[in-house]
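User: I am new to reading protein models. Please take me through this one step by step.

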Amino acid sequence: MVGERAFRVEDGPGTPSAAEVAAARERGHVPDVLLDGRLIGDGPLGALEPVTVQPAELAQLCDRRRLPRWVVAKNPLSGGFVQTKALMRSSELVTVCEEAACPNIGRCWARGTATFMIAGSRCTRGCRFCNVMTARPAGPPDPDEPARVAEAAAQMGLRFVVVTAVARDDLPDGGAAHFAACIGALRERLPECRVEVLIPDLRGSWDALDTILEARPDVLNHNTETVPRLYSRVRPGARYERTLELLARSAAFGLTTKSGIMVGLGEGLGEISAVFGDLAAVGCDLVTVGQYLRPSPVHLPVARYYAPAEYPALAALGRDRGLAHVEAGPLVRSSFEADRVAEAALAPV
């Protein structure tokens, strides 16, 4: 049985006072804290799962006037970034890197990688964490887009490509045929390239899912996003059980499967552990875990920021629950260094 998180902190220069810690805990900004062995919180002590946090880190978590330094991306605009952006515009392609305001865009584009977002830039869902525009799509997917994606991937010299899409609930197959066409175009243009697809839930149409599975991507990714208790608030229109079944069907088909969750929305450690167990039980191989960052004031607020030491602890917890690999970090996202992450389940590229 997994208890709840606690911070273990030694008193020293820069350590917040017990009163400051208690006030931050009351606001939900930090969990229970063991400050020099003294419990600030409800405990009980024996049921807590402590991680060691540095005094300066605790101070940043107690002070919500500015972001903790570990969630502020350092993205210098290198030549690789400029070249990638120019290629996307000249190819009339959309990337989730831009549409979802990913904090890693500079880092990934500088190394010549990007996640292609197909089937338009307007999503039919209204998930309350996502920066992608919610609106009725402007028409059917562009039939020439798969060829443009493949050509852009070739120009970038990619050997591992990630393709995602907005939810297209307006289409009978949810965009499944367009995914399959993109996989096929990439296979034809770059036979040695491996392909990961990050797909929506297709409203539970398993015939549509079969269309994607039969195109045989190397990795089938579908995000769980959060714990079941928060689904109605975080991603209305989605169903936790549907997500698990989609992943189970993909694993049963023989594909490497992947999912991702965000932390900082109000979930508990026991709930995260249960999600890890559910994902392992349906055959999911890879899971990404990253800090939720609020894209704008109209999106869900951050309940709390996780300390750096919590991410290795979460990765270990996922492995304990049976997952092959958990990639966890403050700025980790679904397609973060997807080629490297996939090596945990695939032979080296």
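User: Which residue in S10 is the bridge partner of Val161?

Analyst: This is a predicted model, where local features need pLDDT of at least 70, side-chain atom pairs count only at pLDDT 80 or more, and totals for chains, interfaces and linings use all residues. Residues are numbered from 1 along each chain as its sequence is written, and side-chain values use heavy atoms, with hydrogens and water left out. Strands (E, at least two residues) and helices (H or I, at least four) are DSSP runs numbered from the N terminus. The bridge partner of Val161 in S10 is Val195.

User: Over how many bridges do S9 and S10 pair?

Analyst: Two strands pair if DSSP finds at least two bridges between them. S9 covers residues 160–165, and its pairing with S10 is parallel. The number of bridges is 5.

User: How many residues of S10 are buried?

Analyst: Buried means under 20% relative accessible area, exposed over 50%, and partly exposed in between (1.4 Å probe, protein chains only). S10 spans residues 194–198 and is mostly covered. Arg194, Glu196 and Leu198 point one way, while Val195 and Val197 point the other way.

User: How many aromatic pairs does the search find, and why is the pair of Tyr306 and Tyr311 called tilted?

Analyst: Rings of Phe, Tyr and Trp (its six-membered ring) pair if their centres lie within 6.5 Å; planes under 30 degrees apart are stacked, over 60 edge-to-face, the rest tilted. The search of the whole structure gives 2 pairs. Tyr231 and Tyr240 are edge-to-face, at 5.7 Å centre to centre and 85° between the planes. Tyr306 and Tyr311 have centres 6.3 Å apart, and their pair is tilted because the planes are at 45°.

User: Which residue lies over the face of Tyr306?

Analyst: A charge sits over a ring if NZ of Lys or CZ of Arg is within 6 Å of the ring centre and within 35 degrees of the ring normal. Both Tyr306 and Tyr311 are buried. At 4.0 Å from the ring centre of Tyr306 lies Arg304.

User: Which element gives the most to the lining of the largest cavity?

Analyst: On a 1 Å grid over the protein atoms alone, a cavity is a set of points where a 1.4 Å probe fits but cannot get out; lining residues have an atom within 4 Å of a point. The lining includes Ile261, Met262 and Val263. S12 (256–263) and H11 (269–281) each supply at least two lining residues. With 3 residues, the top contributor is S12.

Definitions and conventions:
1 Å grid on protein atoms, 1.4 Å probe; cavity = no way out; pocket = protein on both sides within 12 Å on 5 of 7 lines; lining within 4 Å.
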